[in-house]
Amino acid sequence: MIYIYNDFGGTHTTSLAAAYHLQLLKPGELTKKEILSVPYFNQLTKKDTGHIFYHGMDEKDNPVYTIARRNSKYVVPALTDLSGILLNRYGQKEKIIISNTSPTVPPTMTAGGFFSRELGIDWIGVPLLVKGAKQCHGLIQHLVEETKRVATTSPEQVVVLENKKYQYKMGKKDIFWK
């Protein structure tokens, strides 16, 4: 199987999902140090959009990748079609799982990403990103578990998961200044 996690910027929830998938992060509360040490976390820029980044091989020898799609509604369909073409052309029995991490993004992370990646103001953005990661890490863990489960049970060769049931729900902890 090939796993590809995708979202708007490809550097926050996708990186966390890849890290959980590869067991670089363990279930439970995350520290700032753990979050900031996740490969590619808060490191990609607009010029990285559309590029597929390799994160490693999981425990079953499956490669894990991430991609930023920004506002393009065409990236995932193009990936899906290209995957199908290549699998059919070369007679592969491989499965490709394209899993959207965007629903897990809390407003705190959106604001942090804007300040840090768009404006280059890390002293505001990074603390918000860390807070956002702490808010949504549980959803990301569940999303990764579901992605792996669907990968093994779906009869489809190319599977696209929108993951709407993992939509972050705002609560009192979403106040930025606490």
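Biologist: Where is Asn42 found?

Modeller: The model is predicted, so local features need pLDDT of at least 70, side-chain atom pairs count only at pLDDT 80 or more, and totals for chains, interfaces and linings use all residues. Residues are numbered from 1 along each chain as its sequence is written, and side-chain values use heavy atoms, with hydrogens and water left out. Helices (H or I, at least four residues) and strands (E, at least two) are DSSP runs numbered from the N terminus. Asn42 lies in the loop between helix H2 (32–36) and strand E2 (52–57).

Biologist: Is Asn42 buried or exposed?

Modeller: Buried means under 20% relative accessible area, exposed over 50% and partly exposed in between, with a 1.4 Å probe and protein chains only. The relative accessible area of Asn42 is 11%, so Asn42 is buried.

Biologist: What is the phi of Asp61?

Modeller: Asp61 sits in the loop between E2 and strand E3 (63–68), and is exposed at 58% relative accessible area. Most residues other than glycine have a negative phi. Asp61 is not a glycine, yet its phi is positive, near 65°.

Biologist: Which type of pair do the rings of Phe114 and Phe115 form?

Modeller: The structure holds three aromatic pairs. Rings of Phe, Tyr and Trp (its six-membered ring) pair if their centres lie within 6.5 Å; planes under 30 degrees apart count as stacked, over 60 as edge-to-face and the rest as tilted. The centres of the Phe114 and Phe115 rings are 5.9 Å apart and their planes stand at 70°, so this pair is edge-to-face.
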